[in-house]
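The sequence and coordinates are shown first.

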Amino acid sequence: MRTIIVLLTALCVIGSAFWAYHENYQTQEAYASSQRLQTEIGEARARLAILRAEWAYLNRPDRLHELTDLNFEKIGLLPLAAEHFGTITEVGYPVEPQAEELELSFDGSIEVSSDGAQVSGADQ
């Protein structure tokens, strides 16, 4: 009986050691993966900062004004003026459709009235 307990204890120790070894390597792999992701995020942020600086440089108003002057014949852009904008009275709003009236009769049929036309559920 004593040998069985010693063998089971030894197997539990070996199993625990294997589990701890396996968990240690998984933890190291997860840590390395998170470090790679942090590095990629840092590089992406650096690229984004460069792209934003380039965008700001290319969208300088004096540069865009010169480009529109050079390409006026091709694209025909004009400077913005107050008369280029409309007023609120010129905005066309959609017309809301009229709701149909539904009436339920006592015999269970439904009557729909829309523009004077009546359809009964019993007629169909």
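## Aromatic pair

Tyrosine 25 has a relative accessible area of 45%, so this residue counts as partly exposed. The model is a predicted one, and a search through the whole of the structure returns 1 aromatic pair. The partners are tyrosine 21 and tyrosine 25: their ring centres lie 4.8 Å apart and their planes meet at 65°. The pair is classed as edge-to-face because the angle between the planes is over 60 degrees.

Both tyrosines belong to helix α1. Tyrosine 21 and tyrosine 25 are 4 residues apart there, which means a separation of about one helical turn.

## Contacts of arginine 60

The count of salt bridges comes to 1. In this salt bridge the side chain of arginine 60 meets that of aspartate 62, with an N to O distance of 3.5 Å. The pair qualifies because the cut-off for such a contact is 4 Å.

Arginine 60 also has an aromatic neighbour: its charged end sits over the ring of tyrosine 57, at 4.2 Å from the ring centre. Arginine 60 is partly exposed, with a relative accessible area of 26%. Aspartate 62 is likewise partly exposed, at 47%.

## Nonpolar surface patch

Which residues form a nonpolar patch on the surface? They are Ile4, Leu8, Leu11 and Ile14, and together they have about 410 Å² of accessible area. Isoleucine 4 is located in helix α1, which spans residues 2–58.

## Chain layout and surface

The chain contains 3 helices and 3 strands. Their order along the sequence is α-α-α-β-β-β.

Of the 124 residues in the chain, 2% count as buried. The accessible surface amounts to about 12,000 Å². Carbon and sulfur atoms account for 63% of that surface.

## Confidence

The mean pLDDT of the chain is 83, and 77% of the residues reach 70 or more. Among the elements of the chain, α1 has the highest mean value, 95. The lowest mean belongs to strand β3, residues 117–120, at 50.

Note on methods: Residues are numbered from 1 along each chain as its sequence is written. This is a predicted model: local features need pLDDT of at least 70, side-chain atom pairs count only at pLDDT 80 or more; totals for chains, interfaces and linings use all residues. Side-chain values use heavy atoms; hydrogens and water are left out. Helices (H or I, at least four residues) and strands (E, at least two) are DSSP runs, numbered from the N terminus. Buried means under 20% relative accessible area, exposed over 50%, partly exposed in between (1.4 Å probe, protein chains only). Accessible areas come from the Shrake-Rupley method with a 1.4 Å probe; for residues, only the protein chains shown count as cover. Patches are made of residues with over 30% relative accessible area and no salt bridge: like charges are joined within 9 Å, nonpolar side chains (Val, Leu, Ile, Met, Phe, Trp, Tyr) within 5 Å. Rings of Phe, Tyr and Trp (its six-membered ring) pair if their centres lie within 6.5 Å; planes under 30 degrees apart count as stacked, over 60 as edge-to-face and the rest as tilted. A charge sits over a ring if NZ of Lys or CZ of Arg is within 6 Å of the ring centre and within 35 degrees of the ring normal. pLDDT is the predictor's confidence in each residue, from 0 to 100.
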